[in-house]
Amino acid sequence: MSKKDVLEDCVRASLERYFEDLGDSEPHDMWDMVMRCVERPVLEVALERSGGNQSRASEMLGITRNTLRKKLQAHNLQP
């Protein structure tokens, strides 16, 4: 099993729990909800792993440093 499979399994299990918790209610804005829940910890881990170096973190994430800065600001994260 690859690391990607483990991550996908975790996301799938979390979504299944989400739907169980919803019961008969209809889900709304799932895409935005999942992106908000995933993006912040991904940014935090990348910054931790890069020692707070935004250039290294952006390379790790495959995004530009400017995009990283915008995302950090949107999540109120300080490097």
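**Salt bridges and pockets, with reasons**

Author: Gladly! Let us begin with a pair of side chains: Glu 39 and Lys 71 form a salt bridge, with their closest N and O atoms 2.6 Å apart. Please keep in mind that this is a predicted model.

Reader: Why is the contact of Glu 39 with Lys 71 called a salt bridge?

Author: The label needs a side-chain nitrogen of Lys or Arg within 4 Å of a carboxyl oxygen of Asp or Glu. Here the closest N and O atoms of Lys 71 and Glu 39 are 2.6 Å apart, so the pair qualifies. In general, side chains of opposite charge can pair when their charged atoms come close.

Reader: Which parts of the chain does the pair of Glu 39 and Lys 71 link?

Author: Distant ones: Glu 39 sits in helix 2 (residues 30–49) and Lys 71 in helix 4 (residues 65–74), 32 residues apart.

Reader: What makes Glu 39 partly exposed?

Author: Its relative accessible area is 25%. Buried means under 20% and exposed means over 50%, so Glu 39, at 25%, falls in between. Lys 71 also counts as partly exposed, with a relative accessibility of 25%.

Reader: How many salt bridges does a search of the whole structure find?

Author: It finds two. One of them joins Glu 44 and Arg 40, with 3.3 Å from N to O.

Reader: Where do Glu 44 and Arg 40 lie?

Author: Both are in helix 2, four residues apart, which is about one turn of the helix. Glu 44 has a relative accessible area of 30% and Arg 40 one of 32%. Each value lies between 20% and 50%, so both residues are called partly exposed.

Reader: What about the pockets? Which residues line the second largest pocket?

Author: That pocket has a volume of about 160 Å³. Its lining includes Glu 39 and Lys 71, along with Val 34, Val 38 and Leu 61, among others. Helix 2 gives the most to this lining, with six residues.

Reader: How do you know that two charged residues belong to the lining of the second largest pocket?

Author: Glu and Lys count as charged, and the lining includes Glu 39 and Lys 71. The rest of the division is seven nonpolar and no polar residues.

Reader: And what is the volume of the largest pocket?

Author: About 350 Å³. Among the residues closest to its centre are Leu 7, Val 11 and Cys 37. Helix 1 gives the most to its lining, with eight residues.

Methods. Residues are numbered from 1 along each chain as its sequence is written. This is a predicted model: local features need pLDDT of at least 70, side-chain atom pairs count only at pLDDT 80 or more; totals for chains, interfaces and linings use all residues. Side-chain values use heavy atoms; hydrogens and water are left out. Helices (H or I, at least four residues) and strands (E, at least two) are DSSP runs, numbered from the N terminus. Buried means under 20% relative accessible area, exposed over 50%, partly exposed in between (1.4 Å probe, protein chains only). On a 1 Å grid over the protein atoms alone, a cavity is a set of points where a 1.4 Å probe fits but cannot get out, and a pocket is an open set with protein on both sides within 12 Å along at least five of seven lines; lining residues have an atom within 4 Å of a point. Grid points are joined across faces, edges and corners, and a volume is the space filled by probe spheres set on the points.
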